[in-house]
Amino acid sequence: MSNVSHELRTPLTIISGYIQSILRRGDNLSEIQTEALTTASSEADRTVQLLQDLLDLARLDSGRLQFQPENILLNDLIKEVVGMAKQYSNRAIKIDLESEIVAIKADSHRLKQVLLNLIDNAVKYSEPETPVTLKLIRKNNFAAIQVCDRGVGIPLPQQGRIFERFFRVDESRNRAGGTGLGLSIVKTLVEGMGGNISVRSQLNEGSTFTISFPTQQ
Ligand code: ADP
């Protein structure tokens, strides 16, 4: 799986790059041509993302994915991640932080990947005018980060299954493209770093994903 993903990802990335450069310089393209190239570009990007997810899963399964644990100040990391997320979307992202500094031991690169994935879902499964909120909570010896949206929500019977590979709640309501792999990778990464993930959600009200880690003293 790892080799195939690698072999496919490189040419697809090149294809995607060429399409985007044609689109950028395409003053003389007809409307239909622009539309076709835009679709081709977004499908290529989606497939590159799928291959990246498959590569991550293959590495996680074979134990080849190494974590680099370090002390992380969550207050700073959350601000950084929100700054990154704002480059990809225009959505209002609110931050609700503890006033005291909260530190954990984890792999900062992988933790950012986890939070960006949860923010990406929060944006994907809610309306553009609703906000996404990141909260940092410290309770006893645990630090929890919550990613909250006011979107479509997840029906109770499916809430236990969303962390399974390729599981998507309902293809018909999933306007936004996806592969159903994101949350399974998120869960494996969080647990690999000694943390925990859970979800609380109500249909048409919104969802809150909580990841928690033991704090550093
Ligand atoms: P996908 O690529 O489909 O987004 P994920 O593994 O990230 O895959 O999520 C699995 C499914 O869980 C999604 O297809 C969606 O149905 C549901 N889901 C995930 N996050 C949310 C959210 N914030 N609000 C509502 N549904 C969600």
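Colleague: Taking buried as under 20% relative accessible area, exposed as over 50% and partly exposed as in between, with a 1.4 Å probe and protein chains only, is Asn140 buried or exposed?

Modeller: Asn140 is exposed, with a relative accessible area of 70%. Please keep in mind that this is a predicted model, in which local features need pLDDT of at least 70 and side-chain atom pairs count only at pLDDT 80 or more, while totals for chains, interfaces and linings use all residues. Residues are numbered from 1 along each chain as its sequence is written, and side-chain values use heavy atoms, with hydrogens and water left out.

Colleague: Where is Asn140, and what is its phi?

Modeller: Asn140 sits in the loop between β4 (132-139) and β5 (142-149), where helices (H or I, at least four residues) and strands (E, at least two) are DSSP runs numbered from the N terminus. Its phi is positive, about 45 degrees, although Asn140 is not a glycine. Most residues other than glycine have a negative phi. Asn204 is another non-glycine residue with a positive phi, of about 65 degrees; Asn204 lies in the loop between β6 (196-202) and β7 and is exposed, with a relative accessible area of 63%.

Colleague: OK, on to the ligand. Which residues come nearest?

Modeller: There are 22 residues around the ligand, and those that come nearest are Asn121, Tyr125, Arg168, Thr179 and Leu183; a residue is near a molecule if one of its heavy atoms lies within 4 Å of it.

Colleague: Which polar atoms face the ligand oxygens, and how much of the ligand is buried?

Modeller: Counting a polar contact as a pair of N or O atoms within 3.5 Å (within protein, one must be able to donate a hydrogen and the other to accept it, and residues adjacent in sequence count only if both atoms are side-chain atoms), Arg168 places a polar side-chain atom 2.5 Å from an oxygen atom of the ligand. Backbone atoms take part too: a polar one of Thr179 is 2.8 Å from a ligand oxygen, and a polar one of Gly180 is 3.0 Å from a ligand oxygen. The ligand taken alone exposes 530 Å², of which the protein buries 99%, the areas coming from the Shrake-Rupley method with a 1.4 Å probe and, for residues, only the protein chains shown counting as cover.

Colleague: Which elements build that shell?

Modeller: The elements that give two or more residues to the shell are α4, α6 (182-192) and β7 (206-214), and α4 gives the most, with three residues.

Colleague: What else does Thr179 do there, and what does it touch?

Modeller: Thr179 is in the loop between α5 (156-159) and α6, and its side chain reaches the backbone nitrogen of Leu181 at 3.2 Å. Not counting residues up to four places away in sequence, Thr179 touches Leu50, Asp53, Phe166 and Arg168, where contact means heavy atoms within 4.5 Å. Phe166 is likewise placed in the loop between α5 and α6 and, under that sequence limit, its contacts are Leu54, Thr179, Gly180 and Leu181.

Colleague: How is the chain divided?

Modeller: The chain is divided into domain 1 (2-62) and domain 2 (70-214), with bounds that come from an automatic or database domain assignment. The domain centres, taken over C-alpha atoms, are separated by 25 Å, and eight residues of domain 1 are in contact with 13 residues of domain 2.

Colleague: And the largest nonpolar core, which residues touch the most other members?

Modeller: A nonpolar core here is a set of buried Ala, Val, Leu, Ile, Met, Phe, Trp, Tyr and Cys residues joined through side-chain atoms within 4.5 Å. The largest has 49 residues, and Leu74, Leu111, Leu118, Ile162 and Ile211 touch the most other members. Helix α4 (residues 108-124) gives the most to this core, with seven residues, and the core draws at least three residues from each of domain 1 and domain 2.

Colleague: Take Ile211. Where is it, and which residues does it contact?

Modeller: Ile211 belongs to strand β7 and is buried, with a relative accessible area of 0%. Leaving aside neighbours within four places in sequence, the contacts of Ile211 include Leu111, Val114, Leu115 and Leu118, as well as Ala143, Ala144 and Ile145.
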